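Me: I have a model open and would like to go through it with you. Could we take it piece by piece?
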Amino acid sequence: MTEILTDAFLPGLWAGYALALPVGALAVSLMSLTARTSLRVGAAAALGVATADGLYALAAVAGGAALSHALAPAVVPLRVLAAVLLLGMALRTAVRALRTGGTPDGPGRDVLGRPGRACLAFLGLTLVNPWAVLYFSALVLAGGADTAGAGVAGPAAFVAAVVTASLSWQLFLAAGGAVLGRALTGPRGRAVTALLSAVVISGMAAGLLLGG
């Protein structure tokens, strides 16, 4: 039990936080979404991100380098698809903000204003990022997660730790977005956060295309 904790669970926590802690465009988008909707929606989006991280961690401990090489030919199509989806999301978010002017009816009709939609959207946005599987594969190959000899328990503990770390951090970001939302309860504040989200999402799309 102690070996699983030290060789799998603790490295999994470290890996999960190392991947999640840098505040990038997706984190800003999560906070902005929560600010203009609700903590419930933000928590659902956080669950989507953590689920994707867990799936990539599972794929990495199961497939390692072989999976990374298999995904290589699909990197460019995945980036293009993700960029198109992001641009569509950004456009719709901006149009909603400009049409409603941030009135109370506006946020309720947000394209991701429902927990289920938010969860699926952030799950998909995280899954189309090939960096995650490459990161976890490199970590496993470098011995950062020594799950050999532990049977199923070792990899399971590693994946569970990754999900725990990722979810806890994403929920922290969502809570921050909820606090921000309380400070921006006026129509103008809601409109600004929605437009900011559209700009950030557009930047993510541009980064995917230029990075390809």
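Me: Let us begin with T126. Which helix does T126 lie in?
Reply: T126 is part of helix α7. Please keep in mind that this is a predicted model.

Me: Is T126 buried or exposed?
Reply: T126 is buried, because its relative accessible area is 6% and the cut-off for buried is under 20%.

Me: What does the side chain of T126 reach?
Reply: The side chain of T126 reaches the backbone oxygen of F122, at 2.7 Å.

Me: Now the overall picture. How many helices and strands does the protein chain have?
Reply: The protein chain has 10 helices and 0 strands. Read from the N terminus, its elements run α-α-α-α-α-α-α-α-α-α.

Me: What share of the residues is buried?
Reply: Buried residues account for 43% of the 212 residues in the protein chain.

Me: Back to F122. Which residues of the largest nonpolar core touch the most other members?
Reply: That core has 14 residues, and those touching the most other members are L30, L33, A45, L112, A118, F122 and L173. At least two residues of this core come from each of α2 (25-36), α3 (39-63), α7 (115-127) and α9.

Me: Which helix gives the most to this core?
Reply: Helix α3 does, with 4 residues. Another core, of 7 residues, lies apart from it; among its members are A57, A157, F158 and V159.

Me: Since α3 has come up, where is A44, and how far is it from F122 in sequence and in space?
Reply: A44 is placed in helix α3. Between A44 and F122 there are 78 residues of separation in sequence, and their C-alpha atoms are 8.8 Å apart in space.

Me: Why does A44 count as buried?
Reply: A44 counts as buried because its relative accessibility is 12%, and the limit is under 20%.

Me: And A50, what is its place and its relative accessible area?
Reply: A50 also has its place in helix α3. Its relative accessible area is 1%, so A50 is buried.

Me: How are W169 and F172 placed in the helix?
Reply: Both belong to helix α9 (residues 153-183), and because W169 and F172 are 3 residues apart there, about one helical turn separates them.

Me: What about the surface: which residues form the nonpolar patch?
Reply: The patch on the surface is formed by V76, V80, V84, L87 and L209, which together have about 420 Å² of accessible area.

Me: Staying with α10, what can you say of A191?
Reply: A191 has its place in helix α10 and counts as buried, at 13% relative accessibility. From C-alpha to C-alpha, A191 and R99 are 9.6 Å apart in space, while 92 residues apart in sequence.

Me: Last one, W14. Where does W14 lie, and is it buried or exposed?
Reply: W14 lies in helix α1 (residues 2-20). W14 counts as exposed, at 54% relative accessibility.

Me: How far is W14 from V162?
Reply: In sequence, W14 and V162 are 148 residues apart; in space, they are 7.9 Å apart, C-alpha to C-alpha.

Technical notes: Residues are numbered from 1 along each chain as its sequence is written. This is a predicted model: local features need pLDDT of at least 70, side-chain atom pairs count only at pLDDT 80 or more; totals for chains, interfaces and linings use all residues. Side-chain values use heavy atoms; hydrogens and water are left out. Patches are made of residues with over 30% relative accessible area and no salt bridge: like charges are joined within 9 Å, nonpolar side chains (Val, Leu, Ile, Met, Phe, Trp, Tyr) within 5 Å. Accessible areas come from the Shrake-Rupley method with a 1.4 Å probe; for residues, only the protein chains shown count as cover. A salt bridge is a side-chain nitrogen of Lys or Arg within 4 Å of a carboxyl oxygen of Asp or Glu. A nonpolar core is a set of buried Ala, Val, Leu, Ile, Met, Phe, Trp, Tyr and Cys residues joined through side-chain atoms within 4.5 Å. Buried means under 20% relative accessible area, exposed over 50%, partly exposed in between (1.4 Å probe, protein chains only). A polar contact is a pair of N or O atoms within 3.5 Å; within protein, one must be able to donate a hydrogen and the other to accept it, and residues adjacent in sequence count only if both atoms are side-chain atoms.
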